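Please read the following note alongside the displayed model.

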Amino acid sequence: MSTPLWRRTIQVAVIGLLALGALSITRADDDNDEHEAPRATRTTAAPMLPLYRQECAACHLAYPPGMLPAASWQRLMANLPKHFGTDASLEPDQVQAISRWLTANAATRAKRAEPPPQDRITRAAWFVHEHDEIAAATWKRASIKSPANCIACHTRADQGDFNERFIRIPR
C-alpha cells in the first residue's frame, strides 16, 4: 500500500523546513563552531558601567569586558599613561572602579581566558579565527581603518551585539 499524496507532500514540506532551519543556524556562524563572539559581548552581557562608557568610549568603542581575560584588563588599566601610544590616565578612584567592573565581567571561558599578545583584542585567537575570511586590504579601507574599529562593520557593536546578522562591511 502506498503513502497518500497529501501525506508525502507534508513529509517533503517538513523535511524542507528542517533543512532551511539547519541552513539558517549554519549561516548565523559561518565557522560553525563555538568561536562566536564572547557571550559577554552580546546584549545579555552585564550592564555597561556608566563610568567605563564615559571614559573609554570617549576615544574608542567601549569594548565589552568579555573580550579579554581579567589579567589583560588589569594590565591595561595599570598602564593607562601608555595606553597604546596615548595617555589615558584617570583618577585613582576611577581606575579602581573600572578595573573592578572589567575584572568581574572579563572572559572566563577556556578559549578566551588566555591573554592575547600585547593584550590586544584583535590578536586574541578567537578574534583572529572569527575574522579569518577578511582580506588584509579590507581592514585598510578608509571606512574601516583597522580591526579594532568594530563599529565600522558590526552595526550594533556599541550595544555589545556582535551578531553576524548585523554585519555590514563598508566599501
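**Note on the loop and the nonpolar core**

1. At 10% relative accessibility, Asp-119 counts as buried, because buried means under 20% relative accessible area, exposed over 50%, and partly exposed in between (1.4 Å probe, protein chains only). Asp-119 has a positive phi of about 55°, although it is not a glycine.

2. This is a predicted model, in which local features need pLDDT of at least 70, side-chain atom pairs count only at pLDDT 80 or more, and totals for chains, interfaces and linings use all residues. Residues are numbered from 1 along each chain as its sequence is written, and side-chain values use heavy atoms, with hydrogens and water left out.

3. Gln-118 is found in the loop between helix H4 (92-104) and helix H5 (125-130); Asp-119 also lies in the loop between H4 and H5. Helices (H or I, at least four residues) are DSSP runs, numbered from the N terminus. Gln-118 is not a glycine, yet has a positive phi of about 55°. Gln-118 counts as exposed because its relative accessibility is 53%.

4. The largest nonpolar core has 28 residues, of which Tyr-52, Tyr-63, Trp-73, Leu-102 and Ile-121 touch the most other members. Such a core is a set of buried Ala, Val, Leu, Ile, Met, Phe, Trp, Tyr and Cys residues joined through side-chain atoms within 4.5 Å. Helix H2 (50-56), helix H3 (70-78), H4 and H5 each supply at least two residues of this core. H4 gives the most, with four residues.

5. Not counting residues up to four places away in sequence, Trp-73 is in contact (heavy atoms within 4.5 Å) with Tyr-52, Tyr-63, Pro-64, Pro-65, Leu-68, Leu-102 and Ala-106.
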